Every structure is written in structure tokens, then in C-alpha cells.
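Hello,

Here is the structure we talked about.

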Amino acid sequence: MTKPGKLLIITAPSGAGKTTIVKHLLATLPELRFSVSATNRARRPMEINGRDYYFLTTERFRQMVDQGAFLEWEEVYTDQYYGTLRSEVDRILAEGKTVIFDIDVKGALTLKMTYGDQALAVFIQPPSLEELIKRLNNRKTEDATSMKKRIERATHELTYRNQFDCTITNDDLAVALEESVALVRHFLGKTP
Ligand code: ADP
Ligand code: 5GP
């Protein structure tokens with residue numbers, strides 16, 4: 001049985017800056033714990049298994065789907081699966097901490113529906129699609145095929161913005177980070 005507690009869902013199209021914002025929130029607010037998702041995508045050079053994701057084979061991912069291990073999962077890109085582990089969320093809530101998620105818009109809506117007012121769902125808005133593409137290019141993590149998939153999906157995902165509790169525009173990073181911290185402090189009841 002999941003303990004009551006708070007959940008902070010950060011979502012956006014790829015390249016909008018959610019990983020950057022989530023890392024800053026984790027470094028700033030000690031009550032937050034990151035929900036490490038499972039995926040079958042290849043690990044990027046800087047990523048660590050168990051810290052950034054649990055990197056699984058496609059077969060193992062499917063087995064875990066069959067076992068009901070995921071609170072939600074999505075085929076975010078063709079043949080690329082990502083899922084939120086029930087065990088991660090239960091463990092973090094049992095520790096009395098607030099769970100923070102970095103997930104796609106559909107998964108974010110599923111979690112918001114599951115947890116209702118226990119959860120705050122925040123959409124990170126890039127200043128424009130052009131800027132988002134520039135950031136993805138600068139990040140140098142995607143090949144041409146992956147870039148194409150991400151840009152196509154981003155165009156669609158940007159239309160989901162109004163379905164979330166609030167939006168933070170990530171134009172000037174310092175401003176976005178400050179706004180994010182203020183928003184989360186408020187959600188956690190830490191502001192007067
Ligand atoms: P996401 O997790 O949403 O895919 P990232 O956090 O990886 O996005 O950010 C994408 C790239 O853009 C990274 O290289 C990151 O350093 C950079 N970035 C993030 N926010 C900004 C910003 N406000 N201005 C310029 N570059 C940014
Ligand atoms: P990336 O490959 O850039 O790490 O992530 C691609 C997309 O998958 C991002 O939008 C990321 O937030 C999303 N994602 C990561 N973990 C999960 C998850 O557990 N569930 C869902 N639905 N999406 C996820």
C-alpha cells in the first residue's frame with residue numbers, strides 16, 4: 001500500500017530542459033528524491049545505470065510490463081520504451097520523501113490522474129521550437145534519426161501544455177531555475 005506523500009511531475013518535449021531543471025531541484029531541495037525510470041534505450045556516455053535510468057533489454061522490459069512492475073510506461077519513440085517503476089515510487093514515499101519525475105507528457109498525465117492533488121504536474125516550455133532544436137543539437141547526444149523522431153514528437157507534445165497544473169518557460173536558464181525552486185517550495189509548503 002503506497003503511503004501518502006507528494007509527487008512532483010516534470011514534463012516537456014525532449015530538449016526543453018527538464019533534466020537540467022530536475023537536477024537543480026534535486027541539488028537544492030533535500031526532501032526530493034528522483035524516481036529512476038526503466039528504459040531499453042542505449043545508455044549515453046555520461047549516464048550511469050541506476051542513477052539516470054535502469055537500462056534494460058527489450059525482453060526484460062516486456063517481462064516487467066507483464067509482471068505489472070510499472071505505474072505507467074510508454075513507447076516514447078518507436079521501439080524505445082520508458083516506464084515508471086512502482087517499486088521506486090513506493091520506496092521513496094515510504095522514506096517520507098517527495099518523488100520527482102522526469103517523464104514524457106503522456107506518462108505525466110497518467111501519473112497526475114493516478115495521484116490527483118498529491119501531485120503537481122509542471123510543463124517546461126521552451127521559448128520556441130527552433131530554440132529547442134538548437135539545444136538538442138548542442139547537447140550532441142542524438143544521431144540524425146533520433147533527432148528527427150524527437151523534433152516530430154516535440155511539435156506534438158508542445159500542444160499538451162494546457163493540460164498541466166502550471167508551466168515554467170525555460171528561456172533564461174537562471175530565471176527558470178529560480179522560478180522552479182520557488183514553485184516547488186510553495187508546493188511543499190515551505191513559503192510563507
Ligand atoms: P530535456 O531533459 O528536456 O531533454 P536537457 O535538460 O537535457 O533537456 O536540456 C537540453 C540541452 O539544452 C542541454 O544541453 C542543456 O544543457 C541545454 N539547456 C537547458 N536549458 C537551457 C537554457 N535555458 N538555455 C540554453 N540551453 C539550455
Ligand atoms: P531521454 O531518452 O531523452 O532520456 O528521454 C526521452 C523521453 O522519455 C523524455 O521525455 C523523458 O522525460 C521520457 N521518460 C523518461 N522516463 C520516463 C518514464 O518512466 N515514463 C515515461 N512515460 N516517459 C519517460
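Are Tyr53 and Phe55 buried or exposed? Both are buried. Keep in mind that this is a predicted model.

Now the ring pairs. A search of the whole structure finds seven aromatic pairs. Tyr53 and Phe55 form one of them, with an edge-to-face arrangement. Their centres are 5.7 Å apart, and the planes make an angle of 65°.

Phe61 and Trp73 form another aromatic pair, again edge-to-face. Here the centre-to-centre value is 6.3 Å, with 75° between the planes. This pair links distant parts of the chain. Phe61 belongs to helix 2 (residues 58-66). Trp73 belongs to strand 5 (residues 70-77).

Phe61 has 1% relative accessibility, so Phe61 counts as buried, the limit being under 20%. Trp73 has a relative accessible area of 39%, so Trp73 is partly exposed: that value lies between the 20% and 50% limits.

Phe61 and Trp73 also belong to one aromatic cluster, together with Phe70 and Tyr81.

Two charged side chains sit over rings as well. Lys6 lies over the face of Phe187, 5.0 Å from the ring centre. Arg153 places its charged end over the ring of Tyr77, at 5.9 Å from the centre.

Best wishes

Terms used:
Residues are numbered from 1 along each chain as its sequence is written. Chains are lettered from A and ligands numbered from 1 in the order in which they are written. This is a predicted model: local features need pLDDT of at least 70, side-chain atom pairs count only at pLDDT 80 or more; totals for chains, interfaces and linings use all residues. Side-chain values use heavy atoms; hydrogens and water are left out. Rings of Phe, Tyr and Trp (its six-membered ring) pair if their centres lie within 6.5 Å; planes under 30 degrees apart count as stacked, over 60 as edge-to-face and the rest as tilted. Buried means under 20% relative accessible area, exposed over 50%, partly exposed in between (1.4 Å probe, protein chains only). Helices (H or I, at least four residues) and strands (E, at least two) are DSSP runs, numbered from the N terminus. A charge sits over a ring if NZ of Lys or CZ of Arg is within 6 Å of the ring centre and within 35 degrees of the ring normal.
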